[in-house]
Amino acid sequence: MTEYKEITEHINQKIEEVQRKVISGKIKLLNYELAPIFTELKKALNIENLDNSSKTYKAACELLNQKFEDLRRLLSSLDSEQKFIDYLKSNPKDEEISRLFDGCWRKIFHVDGLSLSFLEFSKNKLCKDKGVPITIEHLDKVFSDEEFLLEIPEHNFTEKMFEFLVRIQKYLPCSFEEIFGDEQDQAKIYEIFVYLLHLLQLGKIKYQKETNTLYT
Amino acid sequence: MHLLSRKVTLDKRGASEEEILDALNLKTKNKSIQFQYLIANLSEYIEKLGLQVRYNPLDEHWFISFDQDVSDIISANPFENQPKIAATLFCTLACCFKGSGSCKIREIIELRKKKGIIEDLKILQKKGYVILDKKLDQVHLTPLIGYELDLNALFTNLAINLKE
């Protein structure tokens, strides 16, 4: 909000400065470009600063009207083509006439590469299928009057770990691989691995690296 | 962009409103409004690239040119340091506009009161801005000058100069 207010205040200051310079004769409105003021105002326009913006817009429009009025006066003073001819008949120097062209020449934009076939080629390249993007589907919220209960395992981790220890006692000592047996379930293998790590840390079982043997 | 940036002939660029409407297959009642809307939007879109959509009143064609700043940087003025030819061009423009696109060579010579005007006009012809018809003592403007020169800006400059 403050940021937008600052921008409109800045534009207001700019408008006031232009008005001061016009009154003092330092600049002529016909030579002054007003488009940047309106562009700035357009960028600063926001629902929160609508009031300030409309006031600034009004001030900018007054400046624009003033410019139109100057142009109207200028054109009405030059309503006859004869005046142009009269100007040339007044024998102005070539340099003076040449200066009238200042800022009037424009380079034409022409590119051979911008042919229709090139544009079509570019379009096809840009529009090439890039596969279906991954979409994230959000779950619908369900409101329930019932009290929400988080399901927790019947046994806690320590109990399950010691159950595992009892289970493997009869196999020990054995190799590390033998503990896993023919287990194929990744989740189960992970579970066993975690139990082993904890039991090793607690010193309930030991591991001899040289022989790759677990023992109590 | 293709239609507006194309070079049709030596002195013809871009496309007319009808050509653009045909290419876009716009046939509705308010096609002219839609056209203006599209042109305004495109102009705004390419403004950031230092380009602008312009209209040549001499042959009613729409085309794309570099904006003033970029044109000044790349020296679009073909008569830099050649004020004599620029002055002859100005006289030719003033006489031709008075005579709806063409005028007598004699009129320009009388107005310029300088020597070597025919040579200047030949240079202008070489640049593609005029066509000389010495038998008929006529000078015709080609549309090219309307593409390369912002005529509105020129007359505004003249009006300001006269006011001063």
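Helices (H or I, at least four residues) and strands (E, at least two) are DSSP runs, numbered from the N terminus. The model is predicted.

B:Met1 belongs to the segment that comes before strand S1 (7–9) of chain B. With 16 other C-beta atoms within 10 Å, B:Met1 is partly exposed, because that class lies between the buried class, which takes 20 or more such atoms, and the exposed class, which takes 12 or fewer. A distance of 9.0 Å separates the C-alpha atom of B:Met1 from that of B:Gly14, and these two residues are 13 residues apart along the chain.

Strand S5 (residues 61–66) of chain B is mostly covered, since 5 of its 6 residues are buried. S5(B) is joined by 2 bridges to strand S3 (residues 15–16) of chain B, and the two run antiparallel. Within this pairing, B:Trp62 in S5(B) is the bridge partner of B:Ala15.

S5(B) also pairs with strand S4 (residues 51–56) of chain B, in the antiparallel sense and over 6 bridges. There, B:Phe63 in S5(B) has B:Arg54 opposite. S4(B) and S5(B) form a hairpin in which 4 residues lie between the strands. B:Glu60, in the turn, has a positive phi of about 55°.

## The open sheet of chain B

Strands of a sheet pair through backbone hydrogen bonds, either parallel or antiparallel. In chain B, 3 strands form an open sheet in the order S6-S8-S7, and the pairing is antiparallel. Strand S6 (102–104) and strand S7 (130–133) of chain B are the edge strands, as each pairs on one side only. From one strand to the next, the twist averages 20°.

S7(B) is joined to strand S8 (residues 138–141) of chain B by 4 bridges, and the two run antiparallel. In this pairing B:Val139 in S8(B) stands opposite B:Leu132.

## Helices of chain B

Helix H5 (residues 105–112) of chain B lies across S6 and S8 of chain B and runs at about 70° to S6(B). H4(B) lies across S6, S7 and S8 of chain B, running at about 105° to S6(B).

Two packed helices are described by the angle between their axes and the distance between the axes. For helix H4 (residues 83–98) and helix H6 (residues 117–127) of chain B, the packing angle is about 85° and the axes are 9 Å apart. H4(B) is therefore roughly perpendicular to H6(B). On the H4(B) side, the residues that meet H6(B) are B:Lys84, B:Ile85, B:Thr88, B:Leu89 and B:Thr92. Their counterparts in H6(B) are B:Ile117, B:Asp120, B:Leu121, B:Ile123 and B:Leu124. By class, the residues of this contact of H4(B) with H6(B) comprise 6 nonpolar, 2 polar and 2 charged.

## Where the chains meet

The contact between the chains takes 31 residues from chain A and 41 residues from chain B. On the side of chain A that touches chain B, the elements giving two or more residues are helix H3 (50–76), helix H4 (81–89), helix H5 (94–99) and helix H6 (116–126) of chain A. H4(A) gives the most to this side, with 6 residues. The side of chain A that touches chain B has 19 nonpolar, 6 polar and 6 charged residues.

How values were computed. Residues are numbered from 1 along each chain as its sequence is written. Chains are lettered from A and ligands numbered from 1 in the order in which they are written. This is a predicted model: local features need pLDDT of at least 70, side-chain atom pairs count only at pLDDT 80 or more; totals for chains, interfaces and linings use all residues. Two residues are in contact if their C-beta atoms, placed from the backbone, lie within 7 Å. Ala, Val, Leu, Ile, Met, Phe, Trp, Tyr, Cys and Pro count as nonpolar, Asp, Glu, Lys and Arg as charged, and the others, Gly among them, as polar. Axes are lines fitted to C-alpha atoms, for helices over the stretch in contact, and angles run from 0 to 180 degrees between N-to-C directions. Angles under 35 degrees count as roughly parallel, over 145 as roughly antiparallel, 65 to 115 as roughly perpendicular and the rest as oblique. Two strands pair if DSSP finds at least two bridges between them.
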